[in-house]
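Here are my notes after going through the model you sent.

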Amino acid sequence: MNISFSVSPERILVENSSCPGGQWLPGAYINPAKNCLNVNKKRNLDDVVILWRDEGDDELPLQKMTLMELRSRVWLVAYALERLELDKGSAIAIDMPMDAHSVVIYLAIVLAGYVVVSIADSFAPSEISTRLELSNAKAIFTQDLILRGDRKIPLYSRVVDAQAPMAIVIPTRDSSFSMKLRAGDISWQDFLNRAEGSNCFYCCNCREVEFVAVEQPIKAFTNILFSSGTTGDPKAIPWTVSTPLKAAADGWCHMDIREGDIVSWPTNLGWMMGPWLVYASLLNSASMALYNGSPLGSGFAKFIQDAKVTMLGVIPSIVRTWKTKNSTASYDWSSIRCFGSTGEASSVDEYLWLMGRACYKPVIEYCGGTEIGGGFISGSLVQPQCLAAFSTAAMGCSLFILGEDGYPLPSNVAGTGELALGPTMFGASSTLLNADHNEVYFKGMPVWNGKVLRRHGDVFERTFKGYYHAHGRADDTMNLGGIKVSSVEIERICNAVDGNIVETAAVGVPPPGGGPERLAIAVVFKDPDSSTTDINTLMQSFNSALQKKLNPLFKVSNIIPLPSLPRTATNKVMRRVLRQQFTQGENSRL
């Protein structure tokens, strides 16, 4: 990947008992943002590195930024950051959509030796405030509002309501704005004018002065991200300067991202796939394609065609919507070499349909976590693949499925259980800002070949052919008649029972007064207002399918039609919320 260190590592890995994950690249100094901007044998200054289009401008040419332009803009923002006179290592938040502006700001923060605080642009003020407090952020970049179709969604006002520190406020799509700012807040243009010798952010004729990157030791923080837990404070997870290398290595190894590729993955810098996309693209001499709008409609599908995207990342719910609405019809996706998929369990039928949009190119399943900086299990383009399944541990990772006794099953034995990870994963977290890292990930875990395994919390199945299937979180399992079963396993069967079903969620609900859990299924119909599906008939169909395909003892006790399933901002179904509300007897409404 042509990574350059200002000080080379003394060795690759030092293992010691005090740090289960070992010490990677000891002694090394590096700046990952500088590496994103470097010219090398695979990339020159005239190469396009970012392509984008705004929603609604579907017939206009793509907007493009070359490496030379990206460097100039990142350097300018880095100089302006220095004029804020914050201590090096200070945390600076970004709460805005993922577009060319936010990518420039992200790289500038890292280049100048500060720490990015990633906040998703969908969060309410209370969630923004929590993340700012946990990270001790000293400033925040945000936008006046977000455009989604005809809607104007306020963003700066949410940041103000969160009692954020000094805000640098960017006008939406480069328009001027007359919004009154709080005392101490700065408009984007005033912020840029602080950089000496520059009058215009977009002036290509202004004198370019390279910003000297702040080289950081390998354990220095570069980004603070947050888990998307549904209860309590999120875990504040620091990425070190080695984590971007993990993200880029996964893209290189598993999605074959390489020189000249164009990579698109609808996401946000508030979630790990946002920074992942930046590094997996730029460190592999590829370009990133960003669509400023909803990825669910035909506008996004046309953008993928026009940008000639070669690697398209998705989450299954997006694919489900494309298939239901036929959003991709008539668009040419033949430039795609592979898809990537992450975020939730996949459907064989939906992914076969997706492959058909691009001459049956493969879907590389990819599962990881914010605390890992990438994936722990994946597919690859150099192995036989199986639809909606993983084929291998991610490069540098090792997987263990724990049996009933809490110890790993033999590696050549099929089985289902909670997944544990080998502790020495390059780029993975070694600390948390608001929790004990050892207690969260290692306490109480089994020792295998002298190493304590790392907790992850997902339930995985290894098939007799050596493929892997994800079955959701360990806390998304239920006990039906003394048999443990995954919600995802039940949902896969129920989703296929009736063509009017969009999706289902299965939860185990304890009856009043205690006793064995009863199986309740929340159902989202394609057209809930005019649905002719009889609930009693549907229940019989569910029971027949579950008893035939899963277990003859399983029985659905209740079906609850819903307009949509409750989800986290990363689109994961909140089964705990459903379970709690069903238990409280609020089955008729949410």
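1. Start with the arginines sitting on rings. R131 lies over the face of F226, 5.4 Å from the ring centre. R454 does likewise with Y441, where the distance to the ring centre is 4.5 Å. Bear in mind throughout that this is a predicted model.

2. Next, the aromatic pairs. Searching the whole structure turns up 17 of them. Take F141 and F191: their ring centres are 5.4 Å apart and the planes meet at 85 degrees, so this pair counts as edge-to-face, the cut-off being over 60 degrees. The pair links distant parts of the chain, with F141 in strand 8 (residues 139-143) and F191 in helix 6 (residues 188-193), 50 residues apart. Buried or exposed? Both F141 and F191 are buried.

3. Now have a look at F300 and W322. Their rings are stacked, at 5.9 Å centre to centre with 20 degrees between the planes. F300 belongs to helix 9 (residues 298-307) and W322 to helix 10 (residues 316-325), so the pair ties together parts 22 residues apart in sequence.

4. Which residues join F300 and W322 in a cluster of ring pairs? Y291, F303 and W333 do: ring pairs link them with F300 and W322. I'd bring up these five side chains together in the viewer.

5. You'll find H456 in strand 27 (residues 454-462), and its relative accessible area of 10% makes it buried. The H456 side chain makes a polar contact with the side chain of D458, at 3.5 Å. Leaving out residues up to four places away in sequence, H456 touches G368, E371, I372, F376, L419, L421 and R473. R454, the arginine over the face of Y441, falls within the residue range of that strand, 454-462.

6. Last one: V348. This valine is in helix 11 (residues 348-356). What does V348 contact beyond its neighbours within four places in sequence? L387 and A388. As for W188, its C-alpha atom is 46 Å from that of V348, and the two residues are 160 apart along the chain. W188 also falls within the residue range of helix 6, 188-193, the helix that holds F191.

Key. Residues are numbered from 1 along each chain as its sequence is written. This is a predicted model: local features need pLDDT of at least 70, side-chain atom pairs count only at pLDDT 80 or more; totals for chains, interfaces and linings use all residues. Side-chain values use heavy atoms; hydrogens and water are left out. Helices (H or I, at least four residues) and strands (E, at least two) are DSSP runs, numbered from the N terminus. Contact means heavy atoms within 4.5 Å. Buried means under 20% relative accessible area, exposed over 50%, partly exposed in between (1.4 Å probe, protein chains only). A polar contact is a pair of N or O atoms within 3.5 Å; within protein, one must be able to donate a hydrogen and the other to accept it, and residues adjacent in sequence count only if both atoms are side-chain atoms. Rings of Phe, Tyr and Trp (its six-membered ring) pair if their centres lie within 6.5 Å; planes under 30 degrees apart count as stacked, over 60 as edge-to-face and the rest as tilted. A charge sits over a ring if NZ of Lys or CZ of Arg is within 6 Å of the ring centre and within 35 degrees of the ring normal.
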